[in-house]
Amino acid sequence: QVQLVESGGGLVQPGDSRRLSCTASERSTDVMGWFRQAPGKEREFVAAIRWIGARTGYADSVQGRFTISKDNAKNTVFLQMNSLKPEDTAVYYCAAGDFIRVAPKEYEYWGQGTQVTVSS
């Protein structure tokens with residue numbers, strides 16, 4: 001059972017930056033992803049990265065503003081979020097799976113989530 005622990009959420013102003021972290025108890029899957037869920041909306045894909053190699057994937061809504069990266073030695077992935085907008089407000093979840101996919105059902109393990117609120 002892989003355990004995922006997110007951190008880094010909080011209240012930020014529009015235009016600010018924030019970095020989220022997710023540490024996995026083990027690397028038994030090939031891919032780590034970030035999803036988000038706003039109140040009243042479905043959980044949506046944000047970004048994903050493979051533990052081996054440099055392949056990444058991004059949602060159109062965050063392409064160019066968010067960057068996913070990793071530290072294999074620490075079993076940790078990061079989501080650097082720049083130029084944050086109020087519509088980025090959501091609970092951000094870390095997930096582990098075997099392929100870079102946008103559907104939440106493709107990911108086997110999930111963290112508890114961390115709240116990011118973008119407001120002036």
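## Reading the covalent and charged links

User: Which residue forms a salt bridge with Asp88, with the closest N and O atoms 2.8 Å apart?

Analyst: In general, side chains of opposite charge can pair when their charged atoms come close. In this predicted model, Asp88 forms such a salt bridge with Arg65, and 2.8 Å separates the closest N and O atoms. Asp88 sits in the loop between strand 8 and strand 9, while Arg65 sits in the loop between strand 6 (56–58) and strand 7 (66–71), so the pair ties together parts that are 23 residues apart in sequence.

User: Are Asp88 and Arg65 buried or exposed?

Analyst: Buried means under 20% relative accessible area, so Asp88, at 1% relative accessibility, counts as buried, and Arg65, with a relative accessible area of 11%, is buried as well.

User: Which residues do the salt bridges that share partners join into one network?

Analyst: The network consists of Arg36, Glu44, Arg65 and Asp88. Arg36 forms a salt bridge with Asp88, with the closest N and O atoms 2.9 Å apart. Because Arg36 lies in strand 4 (residues 31–37) and Asp88 in the loop between strand 8 (76–81) and strand 9, this pair ties together parts that are 52 residues apart in sequence. Arg36 also meets Glu44 in a salt bridge, at 2.6 Å from N to O.

User: How should I read the accessibility of Glu44 and Arg36?

Analyst: With a relative accessible area of 35%, Glu44 is partly exposed, whereas Arg36, at 6% relative accessibility, counts as buried.

User: How many salt bridges does a search of the whole structure find, and how many disulfides?

Analyst: The search of the whole structure finds four salt bridges and one disulfide.

User: What is a disulfide, and which residues form the one here?

Analyst: A disulfide is a covalent bond between the sulfur atoms of two cysteines. Here Cys22 and Cys94 form the link, with their sulfur atoms 2.0 Å apart. Cys22 belongs to strand 3 (residues 18–24) and Cys94 to strand 9 (residues 90–97), so the pair ties together parts that are 72 residues apart in sequence.

User: Is the link of Cys22 and Cys94 left-handed or right-handed, and are Cys22 and Cys94 buried or exposed?

Analyst: The link of Cys22 and Cys94 is left-handed, with -80° about the S-S bond. As for accessibility, Cys22 counts as buried at 0% relative accessibility, and Cys94 is likewise buried, with a relative accessible area of 0%.

Definitions and conventions: Residues are numbered from 1 along each chain as its sequence is written. This is a predicted model: local features need pLDDT of at least 70, side-chain atom pairs count only at pLDDT 80 or more; totals for chains, interfaces and linings use all residues. Side-chain values use heavy atoms; hydrogens and water are left out. A disulfide is a pair of cysteine sulfur atoms within 2.5 Å. Helices (H or I, at least four residues) and strands (E, at least two) are DSSP runs, numbered from the N terminus. Buried means under 20% relative accessible area, exposed over 50%, partly exposed in between (1.4 Å probe, protein chains only). A salt bridge is a side-chain nitrogen of Lys or Arg within 4 Å of a carboxyl oxygen of Asp or Glu.
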